[in-house]
Amino acid sequence: MRHCFGVDIGGTTVKIGFFAQDGTLIDKWEIKSRTENGGENILPDITKSLNDYLTEKNLDKKRMMGIGVGIPGPVNKQGIVQQTANLGWGYKNIKAEFEELSGMKVRVENDANVAALGEMWKGGGDGYGNLVLITLGTGVGGGILVGGEAVVGEHGGGGEIGHMQVNPYEEEVCGCGRRGCLEQYASATGIARLTRRRLEKDDSPSTLRGGEISAKTVFDAMKEGDVVATEVVEEFGSYLGKAIETIAVIIDPHIVVIGGGVSKAGDILLDYVKKNFRKEAFFANKELKFALAKLGNDAGIYGAAKLFIN
């Protein structure tokens, strides 16, 4: 039995999984992402952690299939990134550098793409090769799989669902520098922003007034029948439904899997998204399936490992 590592590099921590060739997750752990000094310590730190593990378990590096890696930023098919703001990296050939450091084969993909692979393989999209993963967290991430392969694009920018423009009349600027991006309405911060806007609009009574405003409190209030919260969730669903309509007419996926912290709201979130999607969906796409992600924070390591496991 051969093995591989799945590595999910984030701005705060690096998640690492050790997998058997049959896809079994044998072990997992985390190390800190040291992003200071342009992130120069990140790959050496991961290499040390992997080598220490192999030594501890008395495993032969030559028997390793390789290291699959997910990173938060656009990465091209050669494993090269131009910039990854959260890690401090500028132009970097991750594949070449990591192979030289580790002495193992390396394959690199965008973190949302590997999370999509993970959900396709072992999660909410199990069994579906044409899949879209949308992660609703601090921002909105996305991974698109067609025939089981990630849509990367020429410059590594494929699948950046969070930066689809869904409102051309927006005046506030998104973190990417554009206006009206999906991320401004469907992320956790976007939902809070929609809520503050709605509360400022008039004096309608709401349990959200004077308290903490977050995606969780908004969905909790909506479940209790709060009218303002329900209006906000409806608006959230309209923007996300519109984005999925656009994706669907381009790639016609079999299933959309929704993950990230906001997805903890559960099936009621899917209800609003599906309802708004089907209002305007092209007739050939109306039967698109929806599901919640199942792997949580492990999606990245599963998908990274899948880069080596057939």
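**Close-up 1. Asp252 in the loop between helix 8 and strand 11.** Asp252 lies in the loop that runs between helix 8 and strand 11 (255–259), in what is a predicted model. The phi angle of Asp252 is near 50°, a positive value in a residue other than glycine. With a relative accessibility of 44%, Asp252 counts as partly exposed, because the buried class ends under 20% and the exposed class begins over 50%.

**Close-up 2. Asn37 in helix 1.** Asn37 is found in helix 1, which covers residues 36–39. Although Asn37 is not a glycine, its phi is positive, at about 55°. The relative accessible area of Asn37 is 56%, and this residue is therefore classed as exposed.

**Close-up 3. The contact of helix 8 with helix 9.** Helix 8 (residues 227–251) and helix 9 (residues 267–280) have axes that come within 7 Å and cross at roughly 55°, which makes helix 8 oblique to helix 9. The crossing in which helix 8 passes helix 9 is right-handed. From helix 8, the residues that meet helix 9 are Thr230, Val233, Glu234, Phe236, Gly237, Ser238, Leu240, Gly241, Ile244, Glu245 and Ala248. Their partners in helix 9 are Leu269, Tyr272, Val273, Lys275, Asn276, Phe277, Lys279 and Glu280. By class, the residues of this contact of helix 8 with helix 9 divide into nine nonpolar, five polar and five charged.

**Close-up 4. The contact of helix 7 with helix 8.** Helix 7 (residues 215–223) packs with helix 8 at an angle of about 115°, and the axes of the two helices are 8 Å apart. The crossing of helix 7 and helix 8 is left-handed. Val218, Phe219, Ala221 and Met222 in helix 7 meet Ala229, Thr230, Val232, Val233 and Phe236 in helix 8. In this contact of helix 7 with helix 8 there are eight nonpolar residues, one polar residue and no charged residues.

**Close-up 5. Helix 10 and the elements packed against its buried residues.** Helix 10 (residues 299–306) is mostly covered, with eight of its eight residues buried. These buried residues of helix 10 are Ala299, Gly300, Ile301, Tyr302, Gly303, Ala304, Ala305 and Lys306. They pack against strand 1 (3–9), strand 2 (13–20), strand 3 (25–32) and strand 4 (64–71), as well as against helix 4 (111–122).

**Close-up 6. Thr84 in the loop between strand 5 and strand 6.** Thr84 lies in the loop that runs between strand 5 (80–81) and strand 6 (92–93). Its relative accessible area is 1%, so Thr84 is buried. When residues up to four places away in sequence are not counted, Thr84 touches Ile71, Pro72, Gly73 and Trp89.

**Close-up 7. Cysteines in a structure that holds zero disulfides.** The structure holds zero disulfides. For Cys174, the closest cysteine sulfur is that of Cys176, at 3.8 Å, which is too far for a bond, because a disulfide requires a pair of cysteine sulfur atoms within 2.5 Å. Cys174 has a relative accessibility of 6% and therefore counts as buried. Cys4 likewise counts as buried, in its case at a relative accessibility of 0%.

Notes:
Residues are numbered from 1 along each chain as its sequence is written. This is a predicted model: local features need pLDDT of at least 70, side-chain atom pairs count only at pLDDT 80 or more; totals for chains, interfaces and linings use all residues. Side-chain values use heavy atoms; hydrogens and water are left out. Axes are lines fitted to C-alpha atoms, for helices over the stretch in contact, and angles run from 0 to 180 degrees between N-to-C directions. Helices (H or I, at least four residues) and strands (E, at least two) are DSSP runs, numbered from the N terminus. Angles under 35 degrees count as roughly parallel, over 145 as roughly antiparallel, 65 to 115 as roughly perpendicular and the rest as oblique. A crossing is left-handed if the near helix is turned anticlockwise from the far one by less than a right angle, and right-handed if clockwise. Contact means heavy atoms within 4.5 Å. Ala, Val, Leu, Ile, Met, Phe, Trp, Tyr, Cys and Pro count as nonpolar, Asp, Glu, Lys and Arg as charged, and the others, Gly among them, as polar. Buried means under 20% relative accessible area, exposed over 50%, partly exposed in between (1.4 Å probe, protein chains only).
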